[in-house]
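Here's a quick tour for anyone meeting this structure for the first time. Have a look at the model, then read on.

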Amino acid sequence: MSNMEDLISVIVPVYGAESYLEKCIRSIMNQTYRNLEIILVDDKSPDGSGELCDQLAKEDERIIVIHRETNGGISAARNTGIDIAKGAYIGFSDCDDYMHARNFEILHRLLVEHQVDIVVADYLEIEDDDNALFEFAHMQSLHPDDHYRHPQFLNIHKMDVSPLVILLL
């Protein structure tokens, strides 16, 4: 059974994200669920995103940076990350997203409580750093043996929950 010691591999495809990438990665680095492997896949970004990934990796030993030789798009970048992931679970974040500090803690808890293999989180659209356009996030746990969804509603005020999926390997 899952516990707080489960390694979660977080894969972030990176392309053209220099202006907002650091906020994304720091939001992952600052998660309350600490047992993370953070895989940044630079998809031959034309800006300074790849170099920023390298700088952040020097700050946190959990960060692994892969520089692709050719641009293959978001799916190829995700697959590159999946190929090296070591976690019991895999999470995805887009490079322009950032998340609340308890994001992985909450998603992991849902996996354990509902004994499911996949957890999908909706997102909050943020107008600026202080104003949430939506005041709650809707999280769903999906069990492969069920033909229905178990909605979990969390009343989250003024925080962003990045869309991501955690998959059981």
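Asp43 sits in the loop between strand E2 (36-42) and helix H2 (49-59); helices (H or I, at least four residues) and strands (E, at least two) are DSSP runs, numbered from the N terminus. Keep in mind that this is a predicted model, where local features need pLDDT of at least 70, side-chain atom pairs count only at pLDDT 80 or more, and totals for chains, interfaces and linings use all residues. Residues are numbered from 1 along each chain as its sequence is written, and side-chain values use heavy atoms, with hydrogens and water left out.

Is Asp43 buried or exposed? Asp43 counts as buried because its relative accessibility is 3% (buried means under 20% relative accessible area, exposed over 50%, partly exposed in between, with a 1.4 Å probe and protein chains only). Leaving aside neighbours within four places in sequence, the contacts of Asp43 (heavy atoms within 4.5 Å) include Val14, Tyr15, Arg68, Gly73 and Ala77.

Ala77 takes us to helix H3 (residues 74-84), where Ala77, Thr80 and Gly81 are buried. They're on the same side of H3 because they cover an arc of only 95 degrees around the axis, going by the directions from the helix axis to the C-beta atoms. Among the elements covering these buried residues are strand E1 (8-14), E2 and strand E3 (63-67).

Now for the nonpolar cores, meaning sets of buried Ala, Val, Leu, Ile, Met, Phe, Trp, Tyr and Cys residues joined through side-chain atoms within 4.5 Å. The largest one has 29 residues, and Ile25 is among those with the most contacts inside it. E1, H2 and helix H4 (103-114) are among the elements that each supply at least two residues of this core. Not counting residues up to four places away in sequence, Ile25 touches Val12, Leu40, Leu56 and Ile63. Another core, of 8 residues, lies apart from the largest one and includes Ile39 and Ala77.

Two charges sit over rings (NZ of Lys or CZ of Arg within 6 Å of the ring centre and within 35 degrees of the ring normal):

| Charged residue | Ring | Distance to ring centre |
|---|---|---|
| Lys23 | Tyr98 | 4.0 Å |
| Arg78 | Phe92 | 5.3 Å |

Zooming out, the protein chain has 4 helices and 8 strands, and 43% of its 169 residues count as buried.
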